[in-house]
Amino acid sequence: MSAQRSVGGPRRRGADGVGSTDGTSRRGFLTALGGAGATAVAAGVSGCVGGEGSTADGSGSGDSGGDEGDGGERPVSVLAAGSLQLAFSEGLRAAVDRPVQVEAHGSVTVARLVAEGKRDPDIVALADTALFDRILPTEWHAEFATNALVVAHTDSDAGRRVAEADRWFDPVVGGEASLGRTDPDLDPLGYRTLFALDLASEYYDRPGLRDALVDPGQIYPETSLLSRFETGDLDAAVVYRSMAEDRGYDYVDLPAEIDLSDPARAEAYGAVSYDLPSGETVRGAPIAYGAAARRDGDPVVETFETVVGGEYLGDHGFVVPEEFPEYSGDVPRVHRP
Amino acid sequence: MSRVSTARERSPWGAAAPLLGAVLLVLYAVPVAWLLLAQPPGAVLAALDAPFVVGAARNTLVSASVSTALAGLFGVPLAYWLARARFRGRTLVGRTLVPAVVAFPLVLPPVVSGMVLVGAVGSNGLGGLLGVRITGTIAGVVLAQTFVASPFVVLTARSAFERVDAHTEEAARTLGATEWGTFRRVTLPLAWRGILAGVTLAFARAAGEFGATLMLAYYPRTLPVQIWATFSGRGLDAAFPVAVVLLALASGALVCINLLGESSPVLPE
């Protein structure tokens, strides 16, 4: 209803021109179109201003009008890993007393966008600190949270079988349930899934378990994996616990030996690896979210402190170990804890 | 006599066309109908209540209108030039190279178009040189949409102009009409249906444009970007009501465009 009302907005003058059919109003068509255009441009300018502070996602937690205050202050821009989107656009924005603009893509995309100069955010947050070395070299960064891999399952019969089995993978190996995962060449979740399956082979003492679970037909880009899982096309999927919490999935927790959540098990996780198509080898490691600030202004410093402080993360399924935030590299004085 | 009776017989084609066409129609309609039916009306209304959806709807409408207007303003002259250059068979450039350039945005995946545009107008490109920020502004959205959608105007309008009989134009010129007058009162009215079809396509494409917009201007959010962001944060159930809003908005706007276009325009002298 109100969608149609807003259609009427910038086009009202043009629509009036249609109402009458005599020659004059036909002539008026382009004038009217021009008028509509002018209105649209004017609205565009205000739209631009309004957009700066608009709520980043479907949360509705912030109202777009309220964030534009502070005398037209430029918002602090945060470019973040997709799995951080909701935590940042809800939790972080609520915790910071300034306008914060959150943009989220896959971690590898985020790192590349910044490395190639296509984005120039104040703060970058990635789902894998290794990306700071591999793709986006920065002088320093801070590890601020960990996450865990879990096996999310649907509410279907097959999905429940995964939940109720003694060992979650038995229904998958037995062909009773399908397990999806993301593309290991595209995002850290993909290769971390393979690490977890490798570690599982050892943990459950089932050599070849990984190969039995890995169906090349069940690899998807992340967006596609989640749609298929949510529409019931897949019975189970390996995802981050934060994603499962944010989206309300049912899930099975994995043992710490394989879920990559425990910084203390770094050495054990390091026993497995994956070869990327670029020829690089990624080694298993605890999941560590890292952030770096790229500017020194007060708003950025304050926002960065909240980002790595991590109090807002608990509600979204992340874990913040005692020792975090852990800084590495040459941290500028203003950003030192 | 026999002619009349033949015309009244149902030819195989007359029966087959609706059947074959219906297959495609079902393909379009069923997923959309599912989208609409699967949504509790309350969820759609709730989405309309959220300020970020209203903001995204406004951004979508404004940017798609502006980029469609730009596509018409620059696309129609380009189409006219291409049609006539081709008719005269004068230049190789007009006949082959320029049409190929027009097709670039159609061939490139939108995300790649977005990347190319960011490189060209971003802080390392023209935007940096001129000290103007285009990425992340409504101008960036309009640029992305115009890039991706305007070829629809150019290509449909070109074929519409080509169908206008050149002899009609020559007759007008012989009778003393200026070149502009001929275009305004002969060529444009005759080609108007085709141009309108192109404008309609361009608007629809602009309103739904996602890939290039995502790269060039994640903010200010348009509905397609908002749908994706909501989906990544909250999942399908949260994203679908926003998709219904986009569908309603775009359908409404397309009806308006077609109503507007019912009468052929008369340009000023």
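In the predicted model, strands β3(A) and β12(A) pair in the antiparallel sense over 4 bridges. Within this pairing, Ile123(A) has Ala293(A) of β12(A) as its bridge partner. Strand β12 (residues 289–293) of chain A is also joined by 3 bridges to strand β4 (residues 140–145) of chain A, and these two strands run antiparallel. Here the bridge partner of Glu143(A) in β12(A) is Gly290(A). Strands of a sheet pair through backbone hydrogen bonds, in either a parallel or an antiparallel sense.

Strand β12(A) is mostly covered, with 5 of its 5 residues buried. In a regular strand, side chains alternate between the two faces of the sheet. Both faces of β12(A) are covered: Tyr289(A), Ala291(A) and Ala293(A) are buried on one side, and Gly290(A) and Ala292(A) are buried on the other.

These pairings belong to an open sheet of 6 strands in chain A, arranged in the order β2-β1-β3-β12-β4-β13 with mixed pairing. The edges are taken by β2 (100–105) and β13 (326–329) of chain A; each has a single partner strand, so one side of each is left without a neighbour in the sheet. On average, neighbouring strands of this sheet are turned by 20° against each other, direction ignored. Helix α5(A) lies across β1 (76–81), β2 and β3 (123–126) of chain A and runs at about 135° to β1(A).

A further open sheet of chain A consists of 5 strands in the order β7-β6-β8-β5-β9, again with mixed pairing. Its edge strands are β7 (219–220) and β9 (250–253) of chain A, each of which pairs on one side only. Strand β6 (residues 179–182) of chain A and strand β8 (residues 236–240) of chain A run parallel and are joined by 2 bridges. In this pairing, Ala236(A) of β8(A) is the bridge partner of Leu179(A). Two helices that lie across strands of this sheet can be described relative to β6(A). Helix α9 (residues 188–203) of chain A lies across β5 (149–153), β6 and β8 of chain A, at about 130° to β6(A). Helix α11 (residues 222–230) of chain A lies across β5, β6, β7 and β8 of chain A, at about 155° to β6(A).

At the level of the whole chain, chain A contains 15 helices and 13 strands. Of its 337 residues, 52% are buried. Among contacts in chain A between residues at least 6 apart in sequence, 70% join residues at least 24 apart. The domain assignment divides chain A into domain 1 (2–52), domain 2 (66–146 + 288–335) and domain 3 (149–283).

The C-alpha centres of domain 2 and domain 3 of chain A lie 26 Å apart. Contact between these domains of chain A involves 17 residues of domain 2 and 15 residues of domain 3. On the domain 2 side, the elements of chain A that give two or more residues are α4 (85–95), α5 (107–115) and α6 (130–134). This side of domain 2 of chain A comprises 8 nonpolar, 7 polar and 2 charged residues.

Helix α4(A) also takes part in a contact with chain B. The axes of α4(A) and α12(B) come within 8 Å and cross at roughly 95°. The two helices, α4(A) and α12(B), are therefore roughly perpendicular to each other. Gln85(A), Leu86(A) and Ser89(A) of α4(A) make the contact with Ser232(B), Gly233(B) and Arg234(B) of α12(B). By class, the contact of α4(A) with α12(B) has 1 nonpolar, 4 polar and 1 charged residues.

Within chain B, helix α12 (residues 223–234) packs with helix α13 (residues 236–261) at an angle of about 170°, with their axes 7 Å apart. This angle makes α12(B) roughly antiparallel to α13(B). From α12(B), the contact is made by Leu223(B), Pro224(B), Gln226(B), Ile227(B), Thr230(B), Phe231(B) and Arg234(B); from α13(B), the contributing residues are Leu236(B), Ala238(B), Ala239(B), Val242(B), Ala243(B), Val245(B) and Leu246(B). The residues of the contact of α12(B) with α13(B) divide into 11 nonpolar, 2 polar and 1 charged.

Note on methods: Residues numbered from 1 in each chain as written. Chains lettered and ligands numbered in written order. Predicted model: local features only at pLDDT ≥ 70, side-chain atom pairs only at ≥ 80, totals over all residues. Axes fitted to C-alpha atoms, helices over the stretch in contact; angles between N-to-C directions. Parallel < 35°, antiparallel > 145°, perpendicular 65-115°, else oblique. Contact = placed C-beta atoms within 7 Å. Nonpolar A, V, L, I, M, F, W, Y, C, P; charged D, E, K, R; others polar. Domains from an automatic or database assignment. Buried ≥ 20, exposed ≤ 12 C-beta atoms within 10 Å, placed from the backbone. Pairing = 2+ DSSP bridges.
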